[in-house]
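Have a look at the picture before reading on.

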Amino acid sequence: MVNDASMGRRERKKTATRTAILEAATALFLERGFDAVTVREIADKADVTPKTVFAHFPRKEALVFSTEGEQRDRLVAAVRGRAPGTTVSEALKVHYLAEIALLRTEPMNRIMALTEDSPSLVEYAERMWLRHENALVDALTEEFGLDEPSMEIRFYARFALQIPLMARQADPEPAMETGFRLLDEGWARYDPTRRRRARAGRSTRPPE
């Protein structure tokens, strides 16, 4: 049986290797641009093999966006941890604006400039963001006490995730207001609790 000390050392070594790879990749990308740097060069700078790089990061693009899980967790926390009386859309709007503001600070603004210079990174960033759809759907389904997500919840989550992608291309705050206003006009007609009560009423109604 492997003892806890051995497991702890292995995890620390794994974390140290991952950090070294990220630091090497970031330095090279900022110096020469994403497309001009090879995985072999990153591996050499981090003193590991290319196989080790891919063991930690399945694609080269993942070296730029290594905090996907943290981004997803912040999104879900914005919904689940919102103040009483705050709608989901209001909470998401505040969260999105905070995330956009974060992208404009050092060193994130340099990473974003790097991303905008590479079509493959732009595509990867958008696909990465939209992968959070299931997490948002799950949070909303739990919010309304449903066993399965409704089609309305699925559509809301998909459309809500598109809003910050479009808002980043314009003045974020008015763009965000416009996006959520249009989305909420449809969402306001949806009451999952009322629909659940209606289904329960039908199921208990005696047969004619």
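Predicted model: local features only at pLDDT ≥ 70, side-chain atom pairs only at ≥ 80, totals over all residues.

## The overall build

How many helices and strands does the chain have? It has eleven helices and zero strands. If you read along the sequence, the pattern is α-α-α-α-α-α-α-α-α-α-α.

The chain has 208 residues, and 37% of them count as buried. Now consider contacts between residues with a separation of 6 or more: 66% of these involve residues 24 or more positions apart.

## Where two helices meet

Let's zoom in on helix H8, residues 133-143, and helix H9, residues 151-167. Their axes come within 9 Å and cross at roughly 135°. Because of that angle, H8 counts as oblique to H9. The crossing in which H8 passes H9 is right-handed.

Which residues make the contact? H8 brings Glu 133, Leu 136, Val 137, Leu 140 and Thr 141. On the H9 side you will find Ile 153, Arg 154, Tyr 156, Ala 157, Arg 158 and Leu 161. Sorted by class, the contact of H8 with H9 has seven nonpolar, one polar and three charged residues.

## Aromatic pairs

Next, look for the rings of Phe, Tyr and Trp, which count as a pair if their centres lie within 6.5 Å. By this rule there are seven aromatic pairs. One of them is formed by Phe 29 and Phe 34, whose ring centres are 5.0 Å apart. Their planes stand at 55°, so this pair is tilted. Are these residues buried or exposed? Both Phe 29 and Phe 34 are buried.

Tyr 96 and Phe 180 form another aromatic pair, and this one is stacked. The distance is 6.0 Å centre to centre, with 25° between the planes. This pair links distant parts of the chain, as its two members are 84 residues apart. Tyr 96 sits in helix H5, residues 88-103, whereas Phe 180 belongs to helix H10, residues 172-187. Tyr 96 and Phe 180 are buried as well.

Which residues form a cluster with one another? Tyr 96, Trp 129 and Phe 180 make up one aromatic cluster.

Key
Residues numbered from 1 in each chain as written. Heavy atoms only, no water. Axes fitted to C-alpha atoms, helices over the stretch in contact; angles between N-to-C directions. Helix = DSSP H or I, 4+ residues; strand = E, 2+ residues; numbered from the N terminus. Parallel < 35°, antiparallel > 145°, perpendicular 65-115°, else oblique. Left-handed = near helix turned anticlockwise from the far one by under 90°. Contact = heavy atoms within 4.5 Å. Nonpolar A, V, L, I, M, F, W, Y, C, P; charged D, E, K, R; others polar. Phe/Tyr/Trp six-rings, centres within 6.5 Å; stacked < 30°, edge-to-face > 60°. Buried < 20%, exposed > 50% of the residue type's maximum accessible area, 1.4 Å probe, protein only.
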